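Good morning, colleagues. Please turn to the sequence and the structure on the screen.

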Protein chains: 2
Amino acid sequence: MELIKDIDRMRTYIERIEEGKIIGFVPTMGGLHKGHLSLIRKGRGDSDVLVVSIFVNPAQFGPEEDFESYPQDLERDVKLCKQEDVDVVFAPSREEMYPDDYFTFVEVEGYLTSTLEGDSRPGHFRGVTTILTKLFNIVSPDRSYFGEKDYQQVLVVKKLVNELNLDTQIIVLPIVRENDGLALSSRNSYFDEKEREAATILYKSLKKAKEWTIGGEKDPARIIHKMKELIEKEPLAEIDYIAIVGPNSMEKVQSIEGEVLIILAVKIGKVRLIDNMRVKRSMCQS
Amino acid sequence: MELIKDIDRMRTYIERIEEGKIIGFVPTMGGLHKGHLSLIRKGRGDSDVLVVSIFVNPAQFGPEEDFESYPQDLERDVKLCKQEDVDVVFAPSREEMYPDDYFTFVEVEGYLTSTLEGDSRPGHFRGVTTILTKLFNIVSPDRSYFGEKDYQQVLVVKKLVNELNLDTQIIVLPIVRENDGLALSSRNSYFDEKEREAATILYKSLKKAKEWTIGGEKDPARIIHKMKELIEKEPLAEIDYIAIVGPNSMEKVQSIEGEVLIILAVKIGKVRLIDNMRVKRSMCQS
């Protein structure tokens, strides 16, 4: 396995790959966990050459967010990638990706990036789409792998790739959860024992919401209200948003028919978590 | 020669090119003139496969500008490209490049895109950098050719390519002029005889400015003042801006030392023209 830190060397590596070979790409911010590993394993199986990038992207953090403390342990991440038979870890420095006097940004505008995460984290998606455009241009992947925990991000990335005519296929894999349902996240490493226990409230509320829906509740407002009541019983939890939306549009639904996405952001102590679940009424009743 | 109108076919054409072959690219808005032809000829000599795009990009026109009337004659342009032994003319429709619900834009922010043309034409460079990112992604050119008449655009495009890690080399060719000095532009076709004659005032004023500089004038304010006086004698001319700037920074110089760029935008009747000239004092005096 190669560890590459500069753009020119990464490009040269890519240029030397024989024509017709499939390049798979898993972009990450490091702090690798089982969610990332599911992407890496799928990518490994699909690709001739598998590239994992590790770059904590300052452009996608707000000024009040956890950029400075975001978990970073390159040595551990590199070791994990080796174990998974990754071909290249691309881990550029901040100066390599954003030199002084950097001024170019890519933005998906409109509703999709201004609702929910876009509303709570202004500039976040602009940071994501900028770094991904750069990484796609450097790595030239045939396929790129993303996890469904960042559900809205996946829709934004698909729109980015489609509209800028980027030539990579976006592969989306399901959320990986701990045994108690907590969605894997690098930010889970911030928690003490009490907070870790409290963090399960996101999954619990989603599961309950699914039950209520399947039980016949069609009114999203009532489901959101009951989710709020449940989450507010947890003293460490502070709700940012809960929404029931169309799984492609992210627009709030008036009534639950067919498939919807239930999505939420909740702070547990100082740590902001997101989670989501697709619910299909027609699976269980007419 | 092939005329390709859709993105997928263009991509397939590019994918089928043998590895190692050099792809040259001349992006245009059509209305081909001798300036474009100089780019096409240089590109033809340098490349195994030469692609010329023809697309009048609505995103780079302001609401009060001449998008609707911009000269378009695809048949004539295609014929010219055939004569120049171009391999592909890529001429997508507006819907192909900007489908309904299109929301992704690329922007080089900061001083470079907010001064001069950026100041006079808000959103113009954002339109340019967006369409070029899309075209570069579709055509994957090794080399892309631009004319120095759009001097500020060239700097913006170089910054775009560098900062988004686009993998194309930007080749810049000098302004092509008519016998009387008028810089070639698709917009010259708008002129009646009187306006056409008046339009030479841009070049005349640049040539005079060069003479004054070489004659020892080091004060940009005095040169600009004298250029204004000269241009204002032409009743059809209305100055938008005249500036003397550093040729890489586009920042106004306080005193003319070494090489500077004299750059101006002037309306002749309803038609807005730009032109520029590099002047190097040290060529002629110490």
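Is A:His36 buried or exposed? We are looking at a predicted model, in which local features need pLDDT of at least 70, side-chain atom pairs count only at pLDDT 80 or more, and totals for chains, interfaces and linings use all residues. Residues are numbered from 1 along each chain as its sequence is written, while chains are lettered from A and ligands numbered from 1 in the order in which they are written.

A:His36 counts as buried because it has 25 C-beta neighbours inside 10 Å; the term requires 20 or more other C-beta atoms within 10 Å, with 12 or fewer for exposed and partly exposed in between, C-beta atoms being placed from the backbone. An unreviewed UniProt entry annotates A:His36 as "active site"; such annotations may be inferred rather than shown by experiment. Beyond its neighbours within four places in sequence, A:His36 is in contact (C-beta atoms within 7 Å) with A:Val26 and A:Thr28.

A:His36 belongs to helix H2 of chain A, residues 34-46; helices are DSSP runs of at least four residues, strands of at least two.

Let me turn to the sheet. In chain A, six strands form an open, parallel sheet ordered E1-E4-E3-E2-E6-E7, where pairing requires at least two DSSP bridges. Strands E1 (2-4) and E7 (169-173) of chain A are the edges, each pairing on one side only. The twist averages 25° from one strand to the next, angles running from 0 to 180 degrees between N-to-C directions. H2(A) packs on this sheet, touching E2, E3, E6 and E7 of chain A, at about 170° to E2(A).

Key:
Contact = placed C-beta atoms within 7 Å.
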